[in-house]
Amino acid sequence: MTNRNLKEEVTLTPNGFLFDHTTGLTYTLNYTSVFIFKKIVEQVEANKIIKELVQMFDIDEIKARQDFEEFFEIAKTYGIL
Amino acid sequence: MNLNIAITGLNATDNPAPGIPVARCLREANWKGKIIGLAYDAFDTGIYDKEILDEVYLIPYPNEGEIAILDRLKQISHKTKIDIFIPTLDSELFNANRIANELKNFGIHTFLPSEEQIKMRSKSLLSEFCMKHNIPVPKTQIVNDIRQLQNAVAQLKLPIVVKGVFYEAYVCHSLEEAIIYFGKINIKWGLPIIVQEFLNGEEYDVACVGDGFGNLVGKVPMRKLRLTDKGKAWAGITIYDKVLDQISEHIISALKWRGPCELEFLKEQKSGKYVLIEINPRFPSWIYLSAGVNVNLPFANVKLAVGEKIKKMSSAKAGFTFVRHAIDLVCPMNYIESLTIKGELIFKK
């Protein structure tokens with residue numbers, strides 16, 4: 001999903017505070033974004049993340065996919081992924 | 001270390017000099033020798049901080065020439081031994097270089113870039129140096145009159161950045177604006193004036209110490225978070241980016257830089273590439289951050305000055321922030337009296 005070495009280049013605190021080591025920029029992630037971002041760092045596949053979102057947040061797959069794609073696009077735009 | 005260090009650049013107003021942060025770095029290294037402040041004026045702000053400095057002496061301004069500063073340093077040395085002299089202002093470096101050998105004979109060590117290195121990184125020659133060594137740099141023109149300025153504006157396209165050869169830079173959106181700043185900078189800093197293409201992006205700085213053989217001994221990369229109205233860093237955060245590291249290593253290697261410097265980069269928004277804007281031939285005023293992240297560059301510079309061989313320092317940890325903050329120092333009348341009448345102020349014997 002990304003060419004970046006997220007384990008080394010990014011720090012995410014349990015509170016959702018994200019620091020990008022390479023740019024010095026910081027971001028605030030909501031609970032769902034933290035969940036998705038952690039899974040991406042663990043290199044979990046997109047479809048599996050979506051299934052886990054369904055279980056974790058008790059939502060349907062369409063909504064889970066929307067949330068995942070929205071986060072992914074925003075994170076790409078900001079250069080986090 | 002039990003050495004006495006004399007440091008200049010102690011005025012810390014809205015454009016703070018690096019002297020006090022350099023002294024603070026040495027204090028962090030549990031300094032056992034004296035830290036001696038060399039000031040130009042009785043109201044240089046940092047000289048009243050007795051927690052940082054042991055003694056303070058007034059010295060002649062750089063425009064009085066190298067002999068004046070040499071004589072004064074010798075005079076001070078008769079009162080209190082100086083082992084190492086650290087000039088921290090650009091304007092002091094040529095004088096310091098010219099007297100470095102004589103100071104060494106007198107037992108005072110320095111660790112500075114050579115006159116040639118300082119000239120090579122000067123704003124008027126930096127572009128040429130970068131082109132030669134394949135270092136990305138903004139398109140630059142050196143101008144000496146209004147006609148050349150008009151040509152530069154036509155070639156570089158607006159907006160442009162008009163810079164003084166020593167200090168000051170202004171973004172200009174019209175030729176008229178560029179002419180105004182050309183005149184303003186010329187009066188203050190003289191010719192030539194540097195005209196550069198304007199690049200949009202974030203500013204990143206790297207504080208470095210080179211060993212003079214092409215090796216980068218230690219570095220602290222930082223992204224500016226807040227700027228003063230003069231464009232000086234007021235808050236910043238350490239970062240780690242391999243690309244920035246590699247460019248920094250390349251620059252220090254190409255220059256065979258000796259001593260401290262600050263590399264100023266712009267990460268261009270459009271391309272995401274780092275472009276070298278300036279090389280300052282001295283520690284930056286935010287150098288205390290280096291002690292805060294255990295890459296104490298002033299301490300490394302002192303070790304190099306006394307001939308110690310030091311290993312390459314580890315990378316600074318990313319995510320450490322500095323925020324500059326002003327405090328008031330209160331001092332009795334006799335401090336100012338001592339500096340004004342005797343040209344010295346002794347806090348600790």
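How many of the 11 residues of strand β9 (residues 201-211) of chain B are buried? Eight of them are, so β9(B) is largely enclosed by the rest of the structure. Here, buried means under 20% relative accessible area, with exposed over 50% and partly exposed in between (1.4 Å probe, protein chains only). Before you dig in, a word on the ground rules. This is a predicted model, where local features need pLDDT of at least 70 and side-chain atom pairs count only at pLDDT 80 or more, while totals for chains, interfaces and linings use all residues. Residues are numbered from 1 along each chain as its sequence is written, chains are lettered from A and ligands numbered from 1 in the order in which they are written, and side-chain values use heavy atoms, leaving out hydrogens and water.

- Helices (H or I, at least four residues) and strands (E, at least two) are DSSP runs, numbered from the N terminus.
- Two strands pair if DSSP finds at least two bridges between them.
- β9(B) pairs with strand β12 (residues 258-268) in the antiparallel sense over 11 bridges, and B:D205 stands opposite B:E264 in β12(B).
- β9(B) also pairs with strand β10 (residues 216-227), again antiparallel, over seven bridges; here B:C208 sits opposite B:K219.
- β9(B) and β10(B) make a hairpin with four residues between them, and B:G212 in that turn has a positive phi of about 90 degrees.

- Four strands line up as β5-β8-β6-β7 in an open sheet with antiparallel pairing.
- At the edges you'll find β5 (140-143) and β7 (169-172), each pairing on one side only.
- Neighbouring strands in this sheet are turned by 25 degrees against each other on average, direction ignored.
- Axes are lines fitted to C-alpha atoms, for helices over the stretch in contact, and angles run from 0 to 180 degrees between N-to-C directions.
- Four bridges join β5(B) to the antiparallel strand β8 (residues 193-197), with B:I142 opposite B:I194.
- Helix α6 (residues 146-156) packs on the sheet, touching β5, β6 (160-163) and β8, and its direction makes about 170 degrees with that of β5(B).
- Helix α7 (residues 175-189) packs on the sheet too, touching β5, β6, β7 and β8, at about 170 degrees to the direction of β7(B).

- B:A23 lies in helix α1 (residues 19-28) of chain B.
- Its relative accessibility is 0%, so B:A23 counts as buried.
- Leaving out residues up to four places away in sequence, B:A23 touches B:I7, B:I35, B:I52 and B:L53; contact means heavy atoms within 4.5 Å.

**Domains of chain B**

- Chain B is assigned domain 1 (5-111 + 330-346) and domain 2 (139-197), with bounds from an automatic or database domain assignment.
- The centres of these two domains, taken over C-alpha atoms, are separated by 35 Å.

**Chain A at a glance**

- Chain A has four helices and three strands, in the sequence pattern α-β-β-β-α-α-α.
- Its radius of gyration is 12 Å, close to the 12 Å that the globule rule gives for 81 residues, so chain A is as compact as a globular protein of that length.
- That radius is taken over C-alpha atoms, and the globule rule is 2.2 Å times the number of residues to the power 0.38.
- Of the 81 residues of chain A, 41% count as buried.
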